[in-house]
Amino acid sequence: MQSTPTRTPAPDAPPFRIRRARRGDAESLAALLREMGYAHGSDAQTVHWVISHPEIEIFVAADSQDRPVGMVSLSHRPQLRLRGRIATVDELVVTEGWRRRGVGRALMQQVLERCGARALSVKRLEVSAYALQELQSFYTACGFVQVDNMVMRHSELERQHGQ
C-alpha cells in the first residue's frame, strides 16, 4: 500500500499523511490509546503483534515530522453468514491538538478504501462508538447508521484479565 499523499483539509491546518503503523510507533500509539481513556495504553510487544497480524491493520496520520497524531485500527475476518469478509473499526483516535482538522475523516477514508472492492471486498463494516454524542455524529457523517445498542461481554473473562 502506498501512503496517502499529504492532505491539508483547511488552509490553517498543518499537513499530514496517512501511512501504515510501524514498530517504531509503539510509544505514540500507546499515548493515543491513553487519550482514548485506556490508562495503560498498550505495550510495544502487543503493538508489534497487532501490526504483524494478517487480519488487523493500523493506519496512522503522521505530521510533517512523521510523528503519529492519529490512528485507526481495523480488524477484518471472513464470516459464514455474510459469505464474505466483515470488518470492524476497533479504535479511532486523534490527539487533542489535531482534532477538527480532517484527520479523523482522512483515517476513515483510508479504512473505506481498504475495505473496498479493490482491496478486501468487505461486505460489512462496523464500529461500536455511541457512548459520546460527538462520536455518534462523526460516524454518522462518515456514512454509518446506528443498528442497535446491544453489546455483551463475558464477565468472567473480563475479570480474569483485569478489564
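When I speak of a contact here, I mean heavy atoms within 4.5 Å. What we have is a predicted model, in which local features need pLDDT of at least 70, side-chain atom pairs count only at pLDDT 80 or more, and totals for chains, interfaces and linings use all residues. Residues are numbered from 1 along each chain as its sequence is written, and side-chain values use heavy atoms, with hydrogens and water left out.

Let me take Thr88, which lies in strand E4, residues 84–94, strands being DSSP runs of at least two residues, numbered from the N terminus. Leaving aside neighbours within four places in sequence, Thr88 is in contact with Ser73, Leu74, Ser75, Arg77, Leu125 and Glu126. Thr88 counts as buried, because its relative accessibility is 15%, and buried means under 20% relative accessible area, with a 1.4 Å probe and protein chains only.

Turning to the aromatic rings, a search of the whole structure finds 3 aromatic pairs, where a pair requires ring centres of Phe, Tyr or Trp (its six-membered ring) within 6.5 Å, and planes over 60 degrees apart count as edge-to-face. Among them, Phe138 and Tyr139 are edge-to-face, at 5.3 Å centre to centre and 75 degrees between the planes, and Tyr139 with Phe144 is also edge-to-face, at 5.6 Å and 85 degrees. Phe138, Tyr139 and Phe144 form one aromatic cluster, in which both Tyr139 and Phe144 are buried.

Finally, on confidence: pLDDT, the predictor's confidence in each residue from 0 to 100, averages 87 for the protein, and 88% of the residues score at least 70. Over residues 1–9, however, the pLDDT is below 50. Where pLDDT is low, the predicted coordinates should not be read in detail.

Note on methods. Phe/Tyr/Trp six-rings, centres within 6.5 Å; stacked < 30°, edge-to-face > 60°. Buried < 20%, exposed > 50% of the residue type's maximum accessible area, 1.4 Å probe, protein only. Helix = DSSP H or I, 4+ residues; strand = E, 2+ residues; numbered from the N terminus.
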